[in-house]
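The sequence and the model are shown below.

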Amino acid sequence: MNWIILIVAGLFEVAFASCLGKVKETSGTTMYFWFAGFLISLTISMLLLIKATQTLPIGTAYAVWTGIGAVGTVLMGIFFFKDPVSFWRIFFIVTLIGSVVGLKAVSSH
């Protein structure tokens, strides 16, 4: 169950990073709504990470959380913020995914 909580925490990390991207692109009231989304997503992500680390090893949980956030944020950048796509970006995203899966596979929990 804590692996699911950790995955959801990672998805909220993607959400708060994406909200930051929208804050940068907007102004006025809209910017403040995105900033509020950032704060809410950040809080939920951290609380879920804390919950997951109560039973999962901290090093593994943190690495998986940041890996989900990193991969998700890069993909959000590519699909929604028009970030560049190159062979090497995709190669290293796949490498990062493999590392996260590997950490989960060798975890004792």
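## Fold, pocket and surface patch

The secondary structure of the protein chain consists of four helices and zero strands. The model is a predicted one. Read from the N terminus, the order of elements is α-α-α-α. The C-alpha trace of the protein chain spans about 50 × 35 × 15 Å along its principal axes. Of the 109 residues in the protein chain, 32% are buried.

The largest pocket has a volume of about 160 Å³. Two elements each give two or more residues to its lining, namely helix H1 (2–25) and helix H3 (58–80). H1 supplies the largest share of the lining, with five residues. The residues that line the largest pocket include Ala 17, Lys 24, Glu 25, Met 76, Phe 81, Asp 83 and Arg 89. The table divides the lining of the largest pocket by residue class.

| Class of lining residue, largest pocket | Number of residues |
|---|---|
| Nonpolar | four residues |
| Polar | four residues |

Phe 87, Trp 88, Phe 91 and Phe 92 make a nonpolar surface patch of about 500 Å². One of these residues, Trp 88, is found in helix H4, which covers residues 87–106. Is Trp 88 buried or exposed? Trp 88 counts as exposed because its relative accessibility is 52%, and the cut-off for exposed is over 50%.

Definitions and conventions
Residues are numbered from 1 along each chain as its sequence is written. This is a predicted model: local features need pLDDT of at least 70, side-chain atom pairs count only at pLDDT 80 or more; totals for chains, interfaces and linings use all residues. Side-chain values use heavy atoms; hydrogens and water are left out. Patches are made of residues with over 30% relative accessible area and no salt bridge: like charges are joined within 9 Å, nonpolar side chains (Val, Leu, Ile, Met, Phe, Trp, Tyr) within 5 Å. Accessible areas come from the Shrake-Rupley method with a 1.4 Å probe; for residues, only the protein chains shown count as cover. A salt bridge is a side-chain nitrogen of Lys or Arg within 4 Å of a carboxyl oxygen of Asp or Glu. Buried means under 20% relative accessible area, exposed over 50%, partly exposed in between (1.4 Å probe, protein chains only). On a 1 Å grid over the protein atoms alone, a cavity is a set of points where a 1.4 Å probe fits but cannot get out, and a pocket is an open set with protein on both sides within 12 Å along at least five of seven lines; lining residues have an atom within 4 Å of a point. Grid points are joined across faces, edges and corners, and a volume is the space filled by probe spheres set on the points. Ala, Val, Leu, Ile, Met, Phe, Trp, Tyr, Cys and Pro count as nonpolar, Asp, Glu, Lys and Arg as charged, and the others, Gly among them, as polar.
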